[in-house]
Amino acid sequence: MQGAERTTPAAGAVQVAPNPSPAVRAPVAQSVPAAPVQPASTIATGRLPAEVEAALQRGKLAPDSVSVVVMDASGTQRPLLDVRSDVQRNPASVMKLVTTFAALELLGPAYTWDTSVSTDGSIAKGALNGNLYIQGSGDPKLVMERLWLMQRRLQDRGVKVIVGDVVLDRSAFQLPPIDPAYFDNEPFRPYNAVPDALLVNYKSMTMSFMPDAAAGVARIAYEPAIANMNLPATVPLVNTKGGCGNWRAALKANFAVAGQIQFAGGYPAACEENSWSVAPAAPESFAPRVFEGMWREAGGKITGQVRFGTAPQGAAPLMRFDSPSLTEVVRDINKYSNNVMAQQVFLTLGKQRAGVGTFEGGRQAVAQWWSERMGGMSQPTVDNGAGLSRDARVTAGGLAKMLSVAWTSNVMPELMASMPIVGVDGTMKKSKSSAVGGAHLKTGTLRDASAIAGYVNGANGRRWVVVALANSDNAPAARPAWDALIDWVAAQ
């Protein structure tokens, strides 16, 4: 993906950040002849293994565009490899490791976000006579299933009709106006969703296309339910060259008009069912539309409007709805590289420090934590905490030091378990490395940056910290070199 590493499959039903998959037992690697691996004893610390250099050459990456550190996880021994470790580079989504490790230490693995529900009215005979206030605190995972549960619990308390307004309070974060198109001019891709103190379903929806050959159409289902949008129920089936092919292009979709989605084309008749996750136009109105759509779908009624505002001081509490723990959130962030969830956590660090979530507050919190925990290592430029940035910077040496510190941290199990397992899950599921199940590594990819960082099990029983960063116009072509590096480390 040009511009950003793929985020969690989609939102809610979208799974921009799906629910974590059940624990997977790492498959045993097949016994196949392996290419000879150059032993570490024959390599100078500042020189990459031959197979890694060869892969970089095939990818047309200049040697000075790459930084690599391989060191014992304890950090007590001389690095196995140290190549341009002090050069500041863009780590892409690997920056999420900085944000999530800082959050685990500063907030604690059991930290949760609460969404408070209150009213200035009273409940009688199934009706709430007054306004309903929903106050967010930055929950990164208020997906459609959890919003449904919150609404269900509210109805169980006797609220079927709201005779008044529903007021959504997102004042816990103070953010400047952010254009979803600012990063790569792709405003409708879920990975560009803007953070929000009351983030609903990652501001994304899923469209499922189900072909009905007899009727000559593909029927469209939308999740979550959303009010006040013009959404076509079907598109015509069309015959296209090359079978199913690029079915999204065949639809000729237009998402740019607020309040509607348009299709000028059709769905290829050769296709089976497919889903497409998007962040529709006017994201600032997404939460009100989804709250109203889901409330009405569940049989509830609203006489007023769903709007943004601030909960008054004297509002009577009705209930509190807690998020999953930070440990679960961190797992979603790192396994599937979810950008908006990472930014929610980053802003929460600022909120914990200053009472309100701002990007500058998040930067200050991480900077202080880094100074205290990483000694004299140069400070990273974390920008928004997600790595979806052209300005983020960190050194390979700094990341390696951080991972070594994490190895002895009380939250090491939570951080390591959040990293994709090579050949097994997350963004490393399709890795071509032969070290299947033997490494936990966070990946990062932008059009001009590629990175991996984490831990690799060596053949001698050691655990190695591995960091590799490439900044170049050909950076995505470094992935084969990273696979070769993982294999080389696993053989040590």
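## Tryptophans, a sheet, a helix and a disulfide

W370 counts as buried, at 0% relative accessibility; buried means under 20% relative accessible area, exposed over 50% and partly exposed in between (1.4 Å probe, protein chains only). This is a predicted model, where local features need pLDDT of at least 70, side-chain atom pairs count only at pLDDT 80 or more, and totals for chains, interfaces and linings use all residues. Residues are numbered from 1 along each chain as its sequence is written, and side-chain values use heavy atoms, with hydrogens and water left out.

What about the partner of W370? W369 is buried too, at 3% relative accessibility. Searching the whole structure turns up 14 aromatic pairs. Here rings of Phe, Tyr and Trp (its six-membered ring) pair if their centres lie within 6.5 Å; planes under 30 degrees apart count as stacked, over 60 as edge-to-face and the rest as tilted. The ring centres of W369 and W370 are 6.3 Å apart and their planes sit at 65°, so this pair is edge-to-face. Elsewhere, F188, F209, W247, F255, F263, Y267 and W276 make up one aromatic cluster.

Strands (E, at least two residues) and helices (H or I, at least four) are DSSP runs, numbered from the N terminus, and two strands pair if DSSP finds at least two bridges between them. The open sheet has five strands in the order β15-β12-β11-β10-β16, with mixed pairing. Its edge strands, β15 (267–268) and β16, each pair on one side only. Here is how β10 (residues 205–212) pairs:

| Partner of β10 | Sense | Bridges | Facing residues |
|---|---|---|---|
| β16 (residues 274–278) | antiparallel | five | M207 opposite W276 |
| β11 (residues 217–223) | antiparallel | seven | P211 opposite A218 |

The hairpin of β10 and β11 has four residues between the strands, and G216 there takes a positive phi near 75°.

Is D196 buried or exposed? At 6% relative accessibility, D196 is buried. Its side chain makes a polar contact with the side chain of K203 at 3.5 Å. A polar contact is a pair of N or O atoms within 3.5 Å; within protein, one must be able to donate a hydrogen and the other to accept it, and residues adjacent in sequence count only if both atoms are side-chain atoms. Skipping neighbours within four places in sequence, D196 is in contact (heavy atoms within 4.5 Å) with G138, R170, F173, K203 and Q344.

Now for the cysteines. With a disulfide taken as a pair of cysteine sulfur atoms within 2.5 Å, the count comes to one. C244 and C271 form it, with their sulfur atoms 1.8 Å apart. The torsion about their S-S bond is about 100°, so the disulfide is right-handed. C244 is in the loop between β12 (234–238) and α4 (247–251) and C271 in the loop between β15 and β16, so the pair ties together parts 27 residues apart in sequence. C244 is partly exposed, at 23% relative accessible area, while C271 is buried at 4%.

Last up is helix α11 (residues 479–490). Its twelve residues reach 17 Å from first C-alpha to last, close to the expected 16 Å; that expected span is 1.5 Å times one less than the number of residues. Nine of the twelve residues are buried, so α11 is largely enclosed by the rest of the structure. Among those buried are W482, D483 and W488. The buried residues of α11 pack against elements including α1 (50–58), β1 (66–72) and β23 (463–471).
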